[in-house]
Amino acid sequence: MNSSSIPQPDSGTAETVTATTGRRTVYLIVLVVLPVLLPALAVPAAWGWGIGPRDVVIAVVMYLISIFGIAIGYHRLFTHRAFRCHRPLRVALMLAGGMAVEGPVTLWAAEHRRHHKYADRDGDPHSPWRYGDDGLALLRGMAHAHIGWFYTARQRSSRRHWVPDLLADPDVRRFDAAYPAVAALSFALPTAVGGLWSMSWAGAWTAFFWGGLVRYAVVHHVTWSVNSIAHTFGDRPFRTRDRSSNVRWVAMLTLGEGWHNWHHMEPACARHGVLRGQFDPSARLIRWFELAGWAFGVRWPDPARLAARRIDQRDPHP
Ligand SMILES: [Zn+2]
Ligand SMILES: [Zn+2]
């Protein structure tokens, strides 16, 4: 086993490990400070030099790769095993997820599996209801669920406990070990494309800014809005034990992840948007992979189960 994928010595429960100060400082910079600071810088930048069509195209493509990589790769494939697929697609999805700069897949999956076990109860790493459910307490909870917990939580999910299956996978271990290079690629790629496309240093710089920095910050806020918004607002057509909910604009930005209520009902289901009108681009792409023969064993929703689990029976299935 690669030594970099072995968690720190445990001083919490078997489910958690203590994060070192160095690690928390990295989290503070990469996951809290930069994603807040960069969009603030983007406003005067857009005002000053504007954003050209080339940078828009590069940023949108990088956004789609990152968000699909998280939704289909990190989340539905590696965390929940909602389908299986051939190795080239597995590796491609892992790399695409890495473009979001949200950490190695084992860390991401460990925190997320713990979230599902304790959702909105003690032990959930990021519940917006942590401090109570009146105005200010809820606002504080949402900030905690969105990005606050990345720095404040001293106990992090133990990879040995939560993701032994991933740690046993040589491709995952290689990816984790190469993660800093993957994160660097997330910025180098748009920069190189911008430079070659425009054949200029200025084109490389603006592509780095919009397609690299600003895109990474936006991707973070979009991903984490599932934890903050889609556990607070929206409708809950299924009877789950937590407060997971459906929020249409979050679902559209996350390419399907904002249909979060059914996801907590059946975490291993490959489709999150299961009701009429709930467009789920990630599920659509998994279906295309299945049709192409690249993905198999896909766990699609069972209409009978879906109908049985609904609180509101007016629209039993799509
Ligand atoms: Zn959730
Ligand atoms: Zn999940």
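**Close-up views of a predicted model**

**View 1. Helix H5 has a kink of about 65°, centred on His146.** This is a predicted model, and here we look at H5, which runs over residues 135-152. A straight helix of 18 residues would span 26 Å at 1.5 Å a residue, yet the end C-alpha atoms of H5 span only 21 Å.

**View 2. Several residues of H5 are buried, and here is what covers them.** The buried set in H5 consists of Gly141, Met142, His144, Ala145, His146, Ile147, Trp149 and Phe150.

**View 3. Helix H1 carries a kink of about 45° at Leu34.** End to end, H1 agrees with expectation, because its 28 residues should span 40 Å at 1.5 Å a residue and its end C-alpha atoms are 38 Å apart. Just after H1, look for Gly50, which takes a positive phi of about 70°.

**View 4. Helices H2 and H4 cross at roughly 65°.** Here H2 (residues 53-79) and H4 (residues 105-118) have axes that come within 10 Å, and H2 passes H4 in a right-handed crossing. On the H2 side, the contact is made by Tyr74, Phe78 and Thr79; H4 brings Val105, Trp108, Ala109, His112 and Arg113. By type, the residues of this contact divide into 5 nonpolar, 2 polar and 1 charged.

Key. Residues numbered from 1 in each chain as written. Chains lettered and ligands numbered in written order. Predicted model: local features only at pLDDT ≥ 70, side-chain atom pairs only at ≥ 80, totals over all residues. Helix = DSSP H or I, 4+ residues; strand = E, 2+ residues; numbered from the N terminus. Expected span 1.5 Å × (residues − 1). Bend = angle between axes of the 7 residues up to and from the residue. Buried ≥ 20, exposed ≤ 12 C-beta atoms within 10 Å, placed from the backbone. Contact = placed C-beta atoms within 7 Å. Axes fitted to C-alpha atoms, helices over the stretch in contact; angles between N-to-C directions. Left-handed = near helix turned anticlockwise from the far one by under 90°. Nonpolar A, V, L, I, M, F, W, Y, C, P; charged D, E, K, R; others polar.
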